[in-house]
Amino acid sequence: MTELGARELQTSLLRGDDLAARLRAQVREARHRLTNLAGKPPALVTLAMDASPAARAYRRSIERTMFEVEIEHRSVDLPTDAEDADLLSTLSHLGSDPHITGVLVLMPLPPHIDIGVVYEHLAPIKDVDGVTPVNAGRLHLGLPCLAPSTPNGGLALLDHFGIPIEGRRAVVVGRSNVVGRPLAALLQRRNATVTVCHSATDDLAHFTRQGDIVALAVGKPAFLTAEMVSPGATVLDFGINVIGGRVVGDADFPNLLGVAGAITPVPGGTGPITALMLARNTIAAGIAGLHGDLDYVPLPEEWI
Ligand code: NAP
């Protein structure tokens, strides 16, 4: 297609607000059912060791969301100079506390802390952001699991707007354990044909142009340009970059309008969904916790 032809496309904006309202109602309702079944309300702990501005902002957004869906939120803070052993004992304590349903460890951890402490000592059944090897492994094996909120929310957004996944070519740029890698696994579980690109990918545009869905989790503003996508492709932008006080994604948003078939705006696209997926995972963890078994985590279709 000529560039002029490509510019004739009408790009749909995949805004998160509508889905967010639906998720809020869904989680509130599930929260009441879980409270009746468990005989106690669900509670989420965010555990922080580093008061970085990004972590503080994320915690505030979680706090706000949990308030809206009536899930109790507790902040636990360890001093920045605490040791691995302190983190280990806090995680063990939270793991055995029957009043705590879910635990999220806010990143980044101070450099002297071994991330392996989180992987090994965060109880998988309370691991609401799916970071432990048990949940990550179950995700890759296609077993019920607590999947990371950000990529899970991206898929929920595609479903909400009726964008097909099965049989589509999905190109994921970024392979972090919190976004790119689990997103690729989730897309593959939904029968997309998935390519994962990263900083060592040669000729990135060659791959992104093949994507019916191009997902971005890179952390670089205006990274995906109009020339890098096929006309009509869906762009799922997870990037959060602050430029002169303004938040932008990883896509060259203005220039992708008229080329992409659909795109998530930043802010307002994938962002509003993440904390709600965390709330939904907290309920899911509560349901699995009733049985003491991750096999009881509800499947995505069971939420509809
Ligand atoms: P990350 O851990 O820094 O990972 C970035 C990924 O991008 C890496 O896999 C890296 O490749 C890849 N990359 C970097 N430069 C590249 C290049 N030139 N070409 C191709 N790939 C390249 O970041 P993250 O935690 O996944 O976060 C990514 C973005 O998503 C950030 O903007 C972050 O703020 C945002 N985020 C959003 C949410 C949300 O709720 N929407 C949640 C979490 C994060 P290598 O693996 O080779 O280094």
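# Briefing: a protein chain and its ligand

In the protein chain, residues 24 or more positions apart account for 70% of the contacts with a separation of 6 or more; contact means heavy atoms within 4.5 Å. This is a predicted model: local features need pLDDT of at least 70, side-chain atom pairs count only at pLDDT 80 or more, and totals for chains, interfaces and linings use all residues. Residues are numbered from 1 along each chain as its sequence is written, and side-chain values use heavy atoms, with hydrogens and water left out.

**Overall build**

- The protein chain has eleven helices and eleven strands. These are DSSP runs, numbered from the N terminus: helices are H or I with at least four residues, strands are E with at least two.
- The C-alpha trace spans about 60 × 40 × 35 Å along its principal axes.
- The radius of gyration of the protein chain is 19 Å, which agrees with the value near 19 Å for a compact globule of 304 residues. This radius is taken over C-alpha atoms, and the globule rule is 2.2 Å times the number of residues to the power 0.38.
- Of the 304 residues, 49% count as buried. Buried means under 20% relative accessible area, exposed means over 50%, and partly exposed lies in between (1.4 Å probe, protein chains only).
- The protein chain exposes about 14,100 Å², and carbon and sulfur atoms supply 54% of it. Accessible areas come from the Shrake-Rupley method with a 1.4 Å probe; for residues, only the protein chains shown count as cover.

**Around the ligand**

- There are 20 residues around the ligand, and R175, S176, S199, I240 and T274 come nearest. A residue is near a molecule or strand if one of its heavy atoms lies within 4 Å of it.
- By class, this shell has eight nonpolar, ten polar and two charged residues. Ala, Val, Leu, Ile, Met, Phe, Trp, Tyr, Cys and Pro count as nonpolar, Asp, Glu, Lys and Arg as charged, and the others, Gly among them, as polar.
- A side-chain N or O atom of S199 is 2.6 Å from an oxygen atom of the ligand.
- For T274, a polar side-chain atom lies 2.7 Å from a ligand oxygen.
- F238 uses its backbone: a polar atom there is 3.2 Å from an oxygen atom of the ligand.
- On its own the ligand has 930 Å² of accessible area, and the protein covers 69% of that.

**R59 in helix 3**

- R59 sits in helix 3 (residues 53–68). R59 is buried, because its relative accessible area is 12%.
- Its side chain reaches the backbone oxygen of T46 at 2.9 Å.
- The side chains of R59 and S75 are joined by a polar contact of 3.5 Å. A polar contact is a pair of N or O atoms within 3.5 Å; within protein, one must be able to donate a hydrogen and the other to accept it, and residues adjacent in sequence count only if both atoms are side-chain atoms.
- Beyond four places in sequence, R59 touches residues including L47, H73, D77 and L106.

**Helix 8**

- Seven of the ten residues of helix 8 (residues 180–189) are buried. Among them are P182, L183 and L186.
- The buried residues pack against helix 6, helix 7, strand 5, strand 6 and strand 7.
- N191 follows helix 8, and its phi is positive, near 65°.

**R169 in strand 5**

- R169 is found in strand 5. R169 is partly exposed, because its relative accessible area is 44%.
- Leaving aside neighbours within four places in sequence, R169 is in contact with T193, Q210, G211, D212 and I213.
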